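The sequence and the model are shown below, and the description follows them.

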Amino acid sequence: MKKSKVSKLMSLVLVSVMVLSGCNANVSKPSNVSGEGVYKIGISQLADHPALDDARKGFEDGLKELGINAEIDYQNAQGDIPTTVSISQKFVKDKVDLIYAIATPAAQSAKQATSDIPILFSAVTDPVKSEIVADWKNVGGNVTGTSDMAPTASQLKMFKEIDPNIKTIGILYNTSEANSEIQIEEVKKLAPAEGLEIVTVGVSNVNELPQAIDSLLNKVDAVYGLSDNLIASSVELVSKKLIDKKIISICAEETQVKGGLLVTNGLSYYELGKQTAKMAKEILVDKKDVSTIPVGVAEKTVTTVNISTLEELELNSNLPLFKDAVKVGE
């Protein structure tokens with residue numbers, strides 16, 4: 001073959017390669033800050049109630065603010081733990097890029113389903129005792145996230161600030177929720193230092209709540225509301241009974257105050273969700289190894305009071321605890 005023909009043939013080959021390369025570059029052109037196109041994220045939420053909903057909304061809004069283009073597959077187990085297993089298995093089958101599990105059972109099911117796909121959790125009180133991570137700082141494996149561990153010590157101090165005569169506080173909890181057992185252990189450990197005794201009443205379903213509340217209120221001076229998914233989903237029923245009996249309530253987080261409980265110095269689940277979205281960016285965009293990202297805790301807490309409940313209980317709104325608080329329920 002003559003040199004001129006060889007040269008022409010080589011030129012055609014080079015042009016073809018350049019054209020194909022250009023086409024491939026257009027196909028993989030990033031549509032977000034990561035250079036990786038659209039991420040598939042599966043969200044597994046244990047149940048419907050304001051705190052868990054806020055954790056999801058905060059996460060989704062956080063992703064948008066960070067410029068992450070995500071295709072969200074949101075699945076809600078409606079409080080059924082076996083369904084969280086099916087949801088996680090679906091996400092693994094669909095080969096999502098990341099799983100966001102909201103509440104302890106959802107996180108536990110996600111961990112069981114995969115050791116390869118990155119998993120972030122939120123609304124988990126103690127991920128070590130729940131056997132979701134190995135350690136708060138050195139999580140190990142493919143799972144990390146944010147804890148909703150409440151500032152229990154400061155919350156217990158609030159009882160005496162409102163009424164120094166309070167001696168016995170009651171706690172309602174779901175007997176099948178590991179988070180609640182962990183929180184009760186913490187409260188019992190801290191309560192003696194505040195001169196408080198603890199009475200607990202457990203329920204296994206919503207139908208048992210009315211009778212359980214009535215039983216508890218005959219034994220206590222005030223009530224402490226845990227971050228308990230079953231109780232939180234029925235907070236309006238709980239708060240109404242407390243108000244009728246003129247019982248003071250302090251709770252672990254703000255959504256329960258919005259639902260009618262009196263006051264908290266607690267975290268915002270919406271902000272916790274946004275905090276978890278930053279972790280998603282570290283994993284998906286910055287390519288950090290999940291095992292190197294410590295479990296996060298709420299970066300700030302806010303004192304929130306329900307003004308309507310305050311008035312119904314005929315409490316002094318000029319108490320320092322109430323005076324500077326964020327006010328809801330007006």
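## Two lysines in loops

Lys 246 has a relative accessible area of 45% and therefore counts as partly exposed. The structure described here is a predicted model. Lys 246 belongs to the loop between α9 and β9 (248-251). The phi angle of Lys 246 is near 60°, a positive value in a residue that is not glycine.

Most residues other than glycine have a negative phi. Lys 287 also has a positive phi, of about 60°, although it is not a glycine. Lys 287 is placed in the loop between α11 (269-284) and β11.

## The open sheet

Six strands form an open sheet with parallel pairing, in the order β2-β1-β3-β4-β5-β11. At its edges are β2 (70-76) and β11, each of which pairs on one side only.

## Strand β5 and its neighbours

Is strand β5 (residues 143-147) mostly covered or mostly uncovered? The strand is mostly covered, with 5 of its 5 residues buried. Strand β4 (residues 119-124) pairs with β5 in the parallel sense over 4 bridges. In this pairing, Val 143 of β5 is the bridge partner of Ile 119.

Strand β5 is also joined to strand β11 (residues 296-297) by 2 bridges, and these two strands run parallel. Here Thr 146 stands opposite Gly 296 in β11.

## Aromatic pairs

A pair of aromatic rings is described by the distance of the centres and the angle of the planes. A search of the whole structure finds 2 such pairs. The rings of Phe 59 and Tyr 100 have their centres 3.9 Å apart and their planes at 20°; because planes under 30 degrees apart count as stacked, this pair is stacked. Phe 59 lies in helix α2 and Tyr 100 in strand β3 (residues 98-102), so the pair ties together parts that are 41 residues apart in sequence. Phe 59 has 0% relative accessibility and therefore counts as buried. Tyr 100, with a relative accessible area of 0%, is buried as well.

The other pair consists of Phe 159 and Tyr 224, with 6.5 Å from centre to centre and 65° between the planes, an edge-to-face arrangement. Because Phe 159 lies in helix α5 (residues 152-162) and Tyr 224 in strand β8, this pair ties together parts that are 65 residues apart in sequence. Both Phe 159 and Tyr 224 are buried.

## The largest cavity

Rolling a probe the size of a water molecule over the atoms shows where empty space is left. How many cavities of 30 Å³ or more does the structure hold? There are 2 of them. The largest cavity has a volume of about 70 Å³.

The lining of the largest cavity is made up of 15 residues, and those nearest its centre are His 49, Ser 227, Asp 228, Asn 229 and Tyr 269. Helices α2 (50-65) and α8 (229-232) each supply at least two residues of this lining. By class, the lining of the largest cavity comprises 6 nonpolar, 5 polar and 4 charged residues.

## The second largest cavity

The second largest cavity has a volume of about 60 Å³. Its lining is formed by Leu 172, Val 223, Tyr 224, Gly 225, Ile 231, Val 235, Val 238, Gln 256 and Leu 261.

At least two lining residues come from each of β8 (222-225) and α9 (235-244). Which element gives the largest share of the lining of the second largest cavity? Strand β8 does, with 3 residues. By class, the lining of the second largest cavity has 7 nonpolar and 2 polar residues, and no charged ones.

Definitions and conventions: Residues numbered from 1 in each chain as written. Predicted model: local features only at pLDDT ≥ 70, side-chain atom pairs only at ≥ 80, totals over all residues. Heavy atoms only, no water. 1 Å grid on protein atoms, 1.4 Å probe; cavity = no way out; pocket = protein on both sides within 12 Å on 5 of 7 lines; lining within 4 Å. Points joined across faces, edges and corners; volume = space filled by probe spheres on them. Nonpolar A, V, L, I, M, F, W, Y, C, P; charged D, E, K, R; others polar. Buried < 20%, exposed > 50% of the residue type's maximum accessible area, 1.4 Å probe, protein only. Pairing = 2+ DSSP bridges. Phe/Tyr/Trp six-rings, centres within 6.5 Å; stacked < 30°, edge-to-face > 60°.
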